[in-house]
Amino acid sequence: MSEEKPSYKTTLNLPQSDFPMRANLPQREPQWLAQWQEKDLYGKIHAQAKGREKFILHDGPPYANGSIHLGHILNKVLKDLIVKYRHMNGYDCHYVPGWDCHGLPIEQQVVDKFRAKGKTPPRHAILAACAEFAGSWVTKQKQEFIRLGVLGDWDHPYRTMDKDYEGHIAREFARVVRGGYVYRGLKPVYWDWKYETALAEAEIEYHDHESPSIYVPFELITPDAAEVHPSLRGKQLELVIWTTTPWTLPANLAIALNETLEYVAVEVGSR
C-alpha cells in the first residue's frame, strides 16, 4: 500500500485571526461611516488639533444637478487625502464643502418640466423651482460624498444660492466699485433664445462652419461727394467692405476708416 501524502495545509504554521476571510466592504463601510458620524470623528480631530496652525480647504463647488461620477470621486478623494496628510503633519485642518447652485443646466431641466406640462410660469416661479431642484441635489450629493469616506464640515457647507453667500458677493462687488475698478463698456453677452437666459463663455460650443467671403457696398450719406473730390459732384458714393463673416452683417453698426490711409474712388458701371 502506498503512503498517503500529507496535506500542505498541515505543514504550515499560520497565525490565527478573528478577521473574516471576506472583506464584505459594501456592508462594512456604511457601518464604519455611521460610527464616525456617531462619534463625531471630525469634531474630535479638531479638538485634538486645537491651537495648531490652521489649514483650510474651501471646496471648489461641484454643480448641483445630478449624481456624482468618476470625476467627482477623483476630485473629492484627492482633496480628502491632502487634508488628512496636512493634519498628520501638525496642522489644524478644515475641509469646507460647497455647491454651485446656478447656471443653464439647472434652468434647462426645470423649464423643460414646466413645458412638458404645458405651463409657462412667471420668472419668479422658475427661480423658486430652480432653487428647490438644486437643493434636492445638494442633499443627494452630500450623502454620496460622505459615502466616499470624505471627512468635512458637512453640516455647515456653503451654497452659492444662500442669502448670506449672495450678500457677501454684493458687498465685495460694492467695495470694488467704490475702489474705482469697475467701468461701463460694451461686450457681447451670449444668450440662449430657447431658455431665455444668459450663457457663460464656457457653455458656448462652436461647430465647424464655412462662410463665403463677400464684398458689400454701403451707401455713404455724408459727406457730399464733391467734398471728397470735385469730379464726383452729383454722384452717389458707396463704401465697399470685404468680410469673411457675412452672418455678422445684420448686427453691423458702423464702418471704420483710418485717417492715415488713402482711399480711392472707383467708377464701376453707373456706380
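**Entry 1: helix α6**

I start with a rule: the expected span of a helix is 1.5 Å times one less than its number of residues. I am working on a predicted model.

I applied the rule to α6, residues 123–147. This helix has 25 residues, so it should span 36 Å. I looked up its end C-alpha atoms and found them 36 Å apart, which agrees.

Next I checked what follows the helix. Gly149 comes after α6, and its phi is positive, near 90°.

**Entry 2: the buried side of α6**

Which residues of α6 are buried? I listed Ile126, Ala129, Cys130, Phe133, Ala134, Gly135, Trp137, Val138, Gln141, Phe145 and Ile146.

**Entry 3: the nonpolar core**

I turned to the largest nonpolar core and counted 30 residues. Tyr95, Trp99, Ile106 and Trp154 have the most contacts inside it. At least two residues of this core come from each of β1 (54–58), β2 (92–96), α5 and α6. Which element gives the most to this core? It is α6, with nine residues.

I had already noted Cys130, Phe133 and Ala134 as buried residues of α6.

**Entry 4: the largest pocket**

I looked up the volume of the largest pocket: about 830 Å³. I found 25 residues lining it. Nearest its centre lie Leu237, Glu238, Val264, Ala265 and Val266. Strand β8 (residues 238–243) supplies the largest share of the lining, four residues. By class, I have 17 nonpolar, four polar and four charged residues in this lining.

**Entry 5: the second largest pocket**

The second largest pocket has a volume of about 350 Å³. I noted 18 lining residues, with Gln37, Tyr42, Gly152, Trp154 and Asp155 closest to the centre. Trp154 is also on my list of core residues with the most contacts.

Which elements give two or more residues to the lining of the second largest pocket? They are α2, α3 (41–48) and α6. I sorted this lining by class as well: eight nonpolar, six polar and four charged residues.

Key
Residues numbered from 1 in each chain as written. Predicted model: local features only at pLDDT ≥ 70, side-chain atom pairs only at ≥ 80, totals over all residues. Heavy atoms only, no water. Buried < 20%, exposed > 50% of the residue type's maximum accessible area, 1.4 Å probe, protein only. Core = buried A, V, L, I, M, F, W, Y, C linked by side-chain atoms within 4.5 Å. 1 Å grid on protein atoms, 1.4 Å probe; cavity = no way out; pocket = protein on both sides within 12 Å on 5 of 7 lines; lining within 4 Å. Points joined across faces, edges and corners; volume = space filled by probe spheres on them. Nonpolar A, V, L, I, M, F, W, Y, C, P; charged D, E, K, R; others polar.
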